[in-house]
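Here is a friendly walk through a structure that may be new to you.

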Amino acid sequence: MANPHPTVAERVERPAERPSTAEPAPPLTFEVKNLSIWYGEKRAISDVTLDVASNAVTAIIGPSGCGKSTFIRCLNRMHELVPKTRIEGSVLLQGQDLYSITVDPAIVRRRVGMVFQKSNPFPTMSIGENVVIGLRLNGVRDQKFLNERLEKSLRMAALWDEVKDDLHKPGTSLSGGQQQRLCIARALAVQPEVLLMDEPCSALDPIATAKIEELISDYTAFFYLGKLIEFGPTTKIFTNPSERQTEDYITGRFG
Amino acid sequence: MTMNSARANNDHHHWRKVKNALASTATFVSALLVIAPLGLVFFHLLVNGASSVNWDFFVHLPKPVGEAGGGMVNAIVGSLELLALASIIGIPVGVLGGVYLAEYGKARVNWMLRFVADVLNGVPSITWGVVVYGLVVLRFKGFSAYAGGLALGLIMIPLILRTTEEVILLVPNGYREAALALGVARWKTIVHIVMKTASKGIITGILLALARIGGETAPLLFTAFGNRFWNHSLSQPIAALPLQIFTYAISPYDDWHRQAWAGALVLVTGIFCVNVMVRILTRGRTASVV
């Protein structure tokens, strides 16, 4: 990227760089190389190497405690908020090393958005304020632009029609599912290049979750005990996995 | 079931009812004993002071000794000035210190800071008067509003520090993470998300600290010193309501005694109002916050 630290405004001006899918090799969003993560003495992720394609949905599956959350939190440096974490290996976002000392974690998080398992709209803010707060606190003042982003983000999160007349109401007045979509709109408003979602299906039953993972995702990575066991096109992982552990997990014969 | 066991059951049931009645009565009496002192204080103040709380009391300066009438307007305004001076020191240091404790700081340093703050909260207030007397009054050779404000401000700091820390720790971590994940800088997250979410609790802590120092007399005895006239410069002695009450109460004049009662009534009513404000602020406690 020409300018390693574009401001939000600059990135907003610039039309989204969407490489053509007709290229022979699909462009990569993340290149994760030999990534290991420790919490104190405990090794949470061991030597994971994984390429994440652009313009595609990659799902990470695995039993609880296998390092899924830890792994995705490394992709926007959110894991640094936990004291005593240590990381080895590298993560490249469109070719740029996220862990280079010249990179500001705040900039990384602007480019790589995140939606959390538990919906968390800011309780002091209205629905509208919740959506544009990321832009506001990153210095965007133009009211017209904020209004445009507000509507567009809510539409993308499939929430606009339900809340367009209640934008001034508190974000916490919405139902649980609406609150989560509000959080998605809030994350989309700053126009991240990637959106990480931590357990987006946690409110669904396991069968529905598996169906959604299978239907929506293009690629699937299976994690077990902090290791990447298998990674490939979702159809292959779900119908014809190469690893025994993957097959056991998918068919529910696990553990 | 035999007759015997039926009777035993009945006795048991009876005894349980008696115990229940005893326990209910004991808690009710204890609750009354909690409310009684406040009721007694208010009643006593009303009986003795209400007749002297009149328009003159709020708009006139004290009359010279021997002359009846006059008021305490200088002491009321003086108290407000001292509270303002104390706030200038106590609020920023207390709030920022509380934010540091809750958001930054290493565990060991925090433990020490908390310990020191708790010890300071237990220090008798007259000690602050003596300290400020030594540090400020002696050095600048005079009692002053500044010295009084400083003494009160020093009392405020640990009070506000601890309440601010506690309410900030109550803000769920999810909000911090959500803001940071939007690429918002740490300090902006703390100011615009965390402190805003905890603002009611922080304001409550500040109001309670003000109510606490509003009635302090001892730290003012040899700092603000008191004044029977208007204070024209903050580097001069200044009147304060509790000081004036003290001076009038130990005087030999009946008229001054009546005015002391009136002053006490006004002071208690003011502090009562602040506490009611705190109640109103904390009433709308939403799921999230404080």
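## Helices and how they meet

In chain A, H4(A) and H7(A) are roughly parallel to each other, a term for angles under 35 degrees, while over 145 is roughly antiparallel, 65 to 115 roughly perpendicular and the rest oblique. Helices here are DSSP runs of H or I with at least four residues, strands are E runs of at least two, and both are numbered from the N terminus. This is a predicted model, in which local features need pLDDT of at least 70 and side-chain atom pairs count only at pLDDT 80 or more, whereas totals for chains, interfaces and linings use all residues. Residues are numbered from 1 along each chain as its sequence is written, and chains are lettered from A and ligands numbered from 1 in the order in which they are written.

Let us stay with this pair. The axes of H4(A) and helix H7 (residues 176-189) of chain A cross at roughly 30° and come within 7 Å; axes are lines fitted to C-alpha atoms, for helices over the stretch in contact, with angles from 0 to 180 degrees between N-to-C directions. Their crossing is right-handed, meaning that the near helix is turned clockwise from the far one by less than a right angle, with anticlockwise being left-handed. On the H7(A) side, A:Leu182, A:Ala185, A:Arg186 and A:Ala189 take part, and they meet residues of H4(A) including A:Ile127, A:Val131 and A:Leu135. Contact is counted when the C-beta atoms of two residues, placed from the backbone, lie within 7 Å. By class, this contact has eight nonpolar residues, two polar and one charged. Ala, Val, Leu, Ile, Met, Phe, Trp, Tyr, Cys and Pro count as nonpolar, Asp, Glu, Lys and Arg as charged, and the others, Gly among them, as polar.

Now for chain B and its helix H3 (residues 73-103). At 1.5 Å a residue, its 31 residues should span 45 Å, and the end C-alpha atoms are 43 Å apart, which agrees; the expected span is 1.5 Å times one less than the number of residues. H3(B) has a kink of about 35° centred on B:Ser87, where the bend is the angle between axes fitted to the seven residues ending there and the seven starting there. Just after H3(B) comes B:Gly105, with a positive phi of about 75°.

Which helix does H3(B) cross at roughly 140°? The partner is helix H9 (residues 199-214) of chain B, and the two axes come within 10 Å. That angle makes H3(B) oblique to H9(B), and H3(B) passes H9(B) in a right-handed crossing. Among the residues in contact are B:Leu83 and B:Ile91 of H3(B) and B:Ile206 and B:Leu210 of H9(B). This contact divides into nine nonpolar residues, three polar and no charged.

Elsewhere in chain B, helix H4 (residues 107-122) packs against helix H6 (residues 145-169) at an angle of about 130°, with axes 9 Å apart. That makes H4(B) oblique to H6(B), and here the crossing is left-handed.
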